[in-house]
Amino acid sequence: MSTIAKRFSALLIITLIASLFAPFQQAFAAGPATNLTIHKITGDTARTSTYGELTGTETPTGEPISGISFTYWKVTSDQLTAMKANPSSYDTAAEVEAYLNGATGTATGTTAADGTVQVTNLAEGYYWFIENGSTAVKSSAAVPFGLELPITNEAGTGYITDLNVYPKNVLQDTPTIDKDVESDGNKSSSFAVGEQFNWLIQPTVPTGIEEYNKFEVTDKIATQLDFAGAAQVEVTVNGTELVAGTDFTAAYDAATRELKVVFTAAGIDKLGTFGAAPKLNILVPTTINNTAVMGQPILNNATLNFDNGHGITTEPNGTNTPVTPPTVPSTDVPMVYTGGKNFVKTNGSGTNLQGAQFVVKNAADEYLIQDATTKAVSWTTDKTKATVFTSDANGAFEVTGLPYGADGSANGGSTSYYIEETQAPSGYTLPTNPTTEFTVNSTSYYSDPTAVTAGAAATATPQEVINKQTSIPNTGGMGTVIFTVVGLGLMLAALMFFRRRQA
């Protein structure tokens, strides 16, 4: 055979062999790469996705969750089948790695504010995805999940190259805030002007607090209250005091009257070390000042601002403003109040008396001391140190800034006090029983304390304290007549004696 014939025969054989293998090469050609978008949303049920959801033209119900990451492995068909049959056994990296003989997975980024994270250019094959743990997640649905790529489109004419999946989470409960007066659960108390007490602010500490990016409390303090100062704010968790400047900062703006207690990153982490549902207390010390309206509640609210690190930021418990009476939005808003009493000194017949002096006692026989300027109240057992109240030209005097009622009475209680007259008006008699009982409650000073805000307030009818005029006996009468008769007799006897002597 000639050389040309040999070469032609070899070329023909190669062509025939190539033609035999060409169909197999086409059958085993790699499918298109898939770009995967994982949408992390809120929800608690799993179901089969629609083609509209897989292609991104439909969106299932749910709010986006940020800050969640995933890890995935490329597996075999048999491995994927086994893992899908029992997904709860392969929902952590440790469990998957043990099953895959130590194979290390690939971590995704974290979901953005819209709840999405992308994994691009996934080659044809089988994949297993798990969600990396988060303490802020209570439960999950459609996680972990497996994928067999590429996925054929709905028409069956090609593949979905931009694939969307929607695993769901139920997040841990977000925190709430409560505020009481002095003790847990107490929503109302009465205090004397100048008497210091604590507002007790109690935010709940949710599971997963260590993942929070922000956790801060704002308290706008009413003008009728004087704040003791940011340095006096105390924060405790289960009775353990947190460190100011390290675990939290407290700052007060006198212009806006806003107190902000901001937990630092270290403080937020520390809150997460106290176990489930620890008791967080923020103590804010204040006093009622002399601008308080007698009998009118001073309402004070607080707000909690937080970011849980997964796209939820909110301000529970209303707006950050003091509540103005007479509107009381709910019994959950704590209140404090102080009261007073009006008096008028008379003779009992319509004449008002000036110059009567009194001291005030409580049920414990302690005497009232009241600062003339600030009206701050204190008590003493030494009567000589007591503040003296004097009736004016109209017979009027008043006592203000006294606490009344029991804790929790919501401004509905009352308390008895006593005035003791120590000096009667000129020309009048000091009573043999100089003590008079009086009652302080929400309407003992103003008949309608809520009308003060509208400028239409009227003081309550004053309690009348009566004195009798002093009756002094006359210096004339029988005694004077006797002396007069005796005197005349003596003069007559002297005259007769003088005449006889002359004769």
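Tutor: Let's start with a term: buried means under 20% relative accessible area, exposed means over 50%, and partly exposed lies in between, using a 1.4 Å probe and protein chains only. This is a predicted model, where local features need pLDDT of at least 70 and side-chain atom pairs count only at pLDDT 80 or more, while totals for chains, interfaces and linings use all residues. Residues are numbered from 1 along each chain as its sequence is written, and side-chain values use heavy atoms, with hydrogens and water left out.

Student: Why is Glu420 called buried?

Tutor: Glu420 has a relative accessible area of 10%, and the cut-off is under 20%, so Glu420 counts as buried.

Student: Which strand is Glu420 in?

Tutor: Glu420 sits in β33, residues 415-423. Strands here are DSSP runs of E, at least two residues, and helices are runs of H or I, at least four, numbered from the N terminus.

Student: Which residues does Glu420 contact, leaving aside neighbours within four places in sequence?

Tutor: Contact means heavy atoms within 4.5 Å. On that basis Glu420 touches Gln357, Phe358, Val359, Lys361, Tyr367, Lys383, Pro434 and Thr435. Take Pro434: Glu420 and Pro434 are 14 residues apart in sequence, with 5.3 Å from C-alpha to C-alpha.

Student: How many cavities of 30 Å³ or more does the structure hold?

Tutor: One. The largest cavity has a volume of about 40 Å³, and its lining is Ala136, Leu171, Gln172, Asp173, Pro206, Thr207, Tyr212 and Asn308.

Student: What makes four residues of that lining nonpolar?

Tutor: Ala, Val, Leu, Ile, Met, Phe, Trp, Tyr, Cys and Pro count as nonpolar, Asp, Glu, Lys and Arg as charged, and the others, Gly among them, as polar. The cavity lining therefore divides into four nonpolar, three polar and one charged.

Student: What about the largest pocket?

Tutor: The largest pocket holds about 650 Å³ of space. Its lining has 24 residues, with Arg47, Ser49, Phe145, Gly146 and Leu147 nearest the centre. β8 gives the most to that lining, four residues. By class, the lining divides into 15 nonpolar, four polar and five charged.

Definitions and conventions
On a 1 Å grid over the protein atoms alone, a cavity is a set of points where a 1.4 Å probe fits but cannot get out, and a pocket is an open set with protein on both sides within 12 Å along at least five of seven lines; lining residues have an atom within 4 Å of a point. Grid points are joined across faces, edges and corners, and a volume is the space filled by probe spheres set on the points.
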